[in-house]
Amino acid sequence: MMKRHGPFWLSLIVGIALWEIVGRSVSPAFMVPLSETLGRLWELGRSGELWAQFLNSALLFSTGFLIALAVGMPAGLLLARMRIIRIGLEPYIMLLYATPMVALIPFILSLMGFGFAPKVLVVFLFAVFPILYNTVEGARSIKPELIEVARSFRSSEWALWREVMLPYTLPFTMTGVRQAIGRGLVGMVAAEFFLSATGLGGLIMTASQNFDTGAVFGIILIIGLIGVALTRAGQAIENRFARWRV
Amino acid sequence: MSTPVVRMSPPATFAARAGRALSPATQARLITGIAILVVWELVVRAFAPPYVAKPTGVILAIPKVIVDPDFLTATGITLMAVAEGLLIAIVLGAVIGLLIGRSIVADRMLRHYVNAFNAVPMVIVLPLVSLWFGYTGNARLATIVFAAIFAIILNVADGARSVSREYLEVARSFRSGRARMLIEVVLPAATPYFLAGLRLAAGRALIGAVVAEFFTAIGGLGYYILYTSRTYRHDEAFVGVLLLAAFGLAFELLVNTGTQRFLPWYRRDEKA
């Protein structure tokens, strides 16, 4: 057990020690040691500020992400049943999937200003295209024979969706969901940086303007951990549905 | 093989090509494209303020923008920075990736760090790099490297691990040295994975450059988009966005055709 996990723990300790030593030997304007970072984080946590901004960010992310899911998935499935529209729209969906959405932030800023809605729009735009693109991809992979068999057994449209369309496309949609979680997080932080400075991103902005390096590192650590946790969750969801793939 | 050769007589090819140009799929795509543009134009004309980008405005802006020296310099600066950052990410990423892929100890020591950094939303480094490098081109370069390197490390590591054991055993039984084995067996086997990583990395590098320019306001294509849209010249700004999308697509095509041409032995599983 120790031999297997030895290198892992060793490297973790080396990483922590490096952070502490480098942090102590350079100017605090550049980097602060881990101990000080955690101390600063503790203060922010106790004052309630960290928690409030975390909730703010979480609300932004989940609103944008859920709208993306509610739009992307039904739209993808609908496109799957309307073949000619799907063929027509496919290249444009791919184009938008490949376009760096950050480039649209300045337009959103000058059109919609600094409220909550433009930030939700940013998260939505980052997250919706992976879901839509992968759902359409999944719908494309349904064998036409399956639909024909369902039809020849006089299946209703509802039964066709429930028994063929959904089970076949859901694993693909979940790949999109995993990608969308990562992109949505980037969108959330980008919105908090470039639109109005709220949430955890906003907290970083104020901290860096006040040269509060400890808080900058601390919140980056928190967002990093959130990123790791959400990515894990996304992978777990994807793997769960991957078993359905034929 | 003989039947297709017979069918490929010149007139038939010509007819096939003409037929393909007017295939229902192409028609559907063209009509949808035109419909999108028309709806966009009408919606903007009816509801949005006059400075908002619309297709006719963007098309009219293109000839003006692509001869604008400011725009050309900005594009050049950003592309150079992306190329430089990608190069650093490729060299460093390939070395670390090979290490992780071929050494179990290195894998156990480094993989969780790489996975963690890869999961971190990349824009988060902006306050840090501007703190460390100031509002300079180096901050942008650091952002690009950070954005690109983890995709390369992870893919090269997967590739280096995927080398089939038989190849290594054959090389070993011919008394091949470790270095030679790495260069002649492991590297070629890892190349398709590397290219898949490079495709991801290039897109992220471009995004990294743009967000770094937004954040630090240093000159480049991202800043051009920011500046022109702030001064209510959305049509011109949108030409910049189109160019960014075109770079992304062009790189995708480049890597795809490169894989098909130079690595024809490589079959991707997802194609089957």
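Student: At roughly what angle do the axes of helix 4 of chain A and helix 3 of chain B cross?

Tutor: This is a predicted model, in which local features need pLDDT of at least 70, side-chain atom pairs count only at pLDDT 80 or more, and totals for chains, interfaces and linings use all residues. Residues are numbered from 1 along each chain as its sequence is written, with chains lettered from A and ligands numbered from 1 in the order in which they are written. Helices here are DSSP runs of H or I with at least four residues, strands are runs of E with at least two, and both are numbered from the N terminus; axes are lines fitted to C-alpha atoms, for helices over the stretch in contact, with angles from 0 to 180 degrees between N-to-C directions. The axes of helix 4 (residues 83–98) of chain A and helix 3 of chain B come within 8 Å, and they cross at roughly 65°.

Student: How is helix 4 of chain A oriented to helix 3 of chain B, roughly parallel or roughly perpendicular?

Tutor: Angles under 35 degrees count as roughly parallel, over 145 as roughly antiparallel, 65 to 115 as roughly perpendicular and the rest as oblique. The crossing angle of roughly 65° therefore makes helix 4 of chain A, relative to helix 3 of chain B, roughly perpendicular.

Student: Which residues of helix 3 of chain B make the contact with helix 4 of chain A?

Tutor: Two residues are in contact if their C-beta atoms, placed from the backbone, lie within 7 Å. Helix 4 of chain A contributes Ile84(A), Ile87(A), Gly88(A), Leu89(A), Pro91(A) and Tyr92(A). From helix 3 of chain B come Ala25(B), Ala28(B), Arg29(B), Ile31(B), Thr32(B), Gly33(B) and Ile36(B).

Student: How many residues of the side of chain B that touches chain A are nonpolar?

Tutor: The contact takes 39 residues from chain A and 45 residues from chain B. Ala, Val, Leu, Ile, Met, Phe, Trp, Tyr, Cys and Pro count as nonpolar, Asp, Glu, Lys and Arg as charged, and the others, Gly among them, as polar. On the side of chain B, six residues are polar and four charged, while the nonpolar ones number 35.

Student: Which residues of helix 7 of chain B are buried?

Tutor: A residue is buried if 20 or more other C-beta atoms lie within 10 Å of its own, exposed if 12 or fewer, and partly exposed in between, with C-beta atoms placed from the backbone. The cover over the buried residues of helix 7 includes helix 8, helix 9 (199–209) and helix 10 (213–242) of chain A, together with helix 8 and helix 10 of chain B. The buried residues in helix 7 of chain B are Leu126(B), Pro127(B), Leu128(B), Val129(B) and Ser130(B).

Student: How is helix 8 of chain B oriented to helix 10 of chain B, roughly parallel or roughly antiparallel?

Tutor: Helix 8 and helix 10 (residues 178–216) of chain B have axes 7 Å apart and pack at an angle of about 160°. That angle makes the two helices roughly antiparallel.

Student: Where is Arg154(A), and is it buried or exposed?

Tutor: Arg154(A) lies in the loop between helix 7 and helix 8 of chain A, and its phi is positive, about 55°, although it is not a glycine. Because 7 other C-beta atoms lie within 10 Å, Arg154(A) is exposed.

Student: Does Ser155(A) count as exposed or partly exposed, and which residues is it in contact with?

Tutor: Ser155(A) lies in the loop between helix 7 and helix 8 of chain A. It has 16 C-beta neighbours inside 10 Å and so counts as partly exposed. Leaving aside neighbours within four places in sequence, Ser155(A) is in contact with Ala150(A) and Leu160(A).

Student: Is Arg175(B) buried or exposed?

Tutor: Arg175(B) is placed in the loop between helix 9 (165–173) and helix 10 of chain B. Its phi is positive, about 60°, although Arg175(B) is not a glycine. With 7 other C-beta atoms within 10 Å, Arg175(B) is exposed.
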